[in-house]
Amino acid sequence: AVSSGADFTAFPCQGCTECGQVIAPYEQAKSDSFTTMPCGRCVGGQREDVCDRNREKCIARGYNLVDKSAWTAYEARDYVYVGGANEEMEQLGIQEADGTDVPKRFGFPLVFACQTEALGWYSSQVRDGIMGFSTARTSFVNQMVFQDKLKYPRFCMCFENRMMNGMDIRGSGVVTLGGYNPKILDAPLVFVQNIAKQ
């Protein structure tokens with residue numbers, strides 16, 4: 001799920017026993033660049049309750065005030081690649097980024113929340129996890145801006161509903177990071193401008 005109200009990108013990591021039916025947990029043991037954020041270097045803040053009891057890991061939490069859904073996690077960092085290196089991959093003869101150095105070369109180190117518990121909607125959604133697109137410095141878009149992967153903290157979400165198998169309506173769409181892609185629009189762009197002072 002993509003949420004403009006979520007400060008963190010969070011998803012179930014391998015070993016999460018309280019995350020509901022997990023489709024595909026993040027397998028941190030398979031990554032040689034995965035690190036747990038140590039207490040004292042917490043991205044989510046330096047409050048008293050931000051570290052675990054042993055003061056080893058940074059704790060992150062998310063919640064939905066409407067239905068009381070919630071998740072608990074620890075902060076971690078790993079390289080993430082969201083696309084955009086298609087020409088370079090084609091020149092190198094690479095079809096898939098998995099198992100290559102593409103994430104490190106064209107991605108960025110994302111601080112995210114490795115979920116250890118998910119309740120309510122977060123444990124029963126169609127896909128696992130939530131991509132945080134709020135204005136917080138921990139959001140996915142702002143982390144890209146801070147690391148010079150995006151020029152502006154902008155994104156565009158275009159949605160489409162499709163009729164599948166008779167009456168079954170499925171939603172799909174495209175997320176464009178850093179602005180919008182006029183090639184995919186079939187109607188005028190509608191936007192909300194953030195006028196809050198930084």
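My notes start with the ground rules and then go to the disulfides and the core.

This is a predicted model, so I take local features at pLDDT of at least 70 and side-chain atom pairs at pLDDT 80 or more, while totals for chains, interfaces and linings use all residues. Residues are numbered from 1 along each chain as its sequence is written, and side-chain values use heavy atoms, with hydrogens and water left out.

**Disulfides.** I counted four disulfides, taking a pair of cysteine sulfur atoms within 2.5 Å as one. Counting bonded cysteines along the chain, I get the pattern 1-8, 2-3, 4-6, 5-7.

I looked at C13 and C114, joined S to S at 1.8 Å. Their link is left-handed, with -90° about the S-S bond. C13 lies in the loop between β2 (10-12) and β3 (35-36) and C114 in strand β6, so the pair ties together parts 101 residues apart in sequence. Strands here are DSSP runs (E, at least two residues), numbered from the N terminus. Both cysteines are buried, meaning under 20% relative accessible area with a 1.4 Å probe, protein chains only.

Next I checked C42 and C58, whose sulfur atoms are 2.1 Å apart. Both are buried too.

**Core.** A nonpolar core is a set of buried Ala, Val, Leu, Ile, Met, Phe, Trp, Tyr and Cys residues joined through side-chain atoms within 4.5 Å. In the largest one, of 19 residues, F8, W71, A113 and I130 touch the most other members. I noted that β5 (70-80) and β6 (108-119) each give two or more residues to this core.

How values were computed:
Buried means under 20% relative accessible area, exposed over 50%, partly exposed in between (1.4 Å probe, protein chains only). Helices (H or I, at least four residues) and strands (E, at least two) are DSSP runs, numbered from the N terminus.
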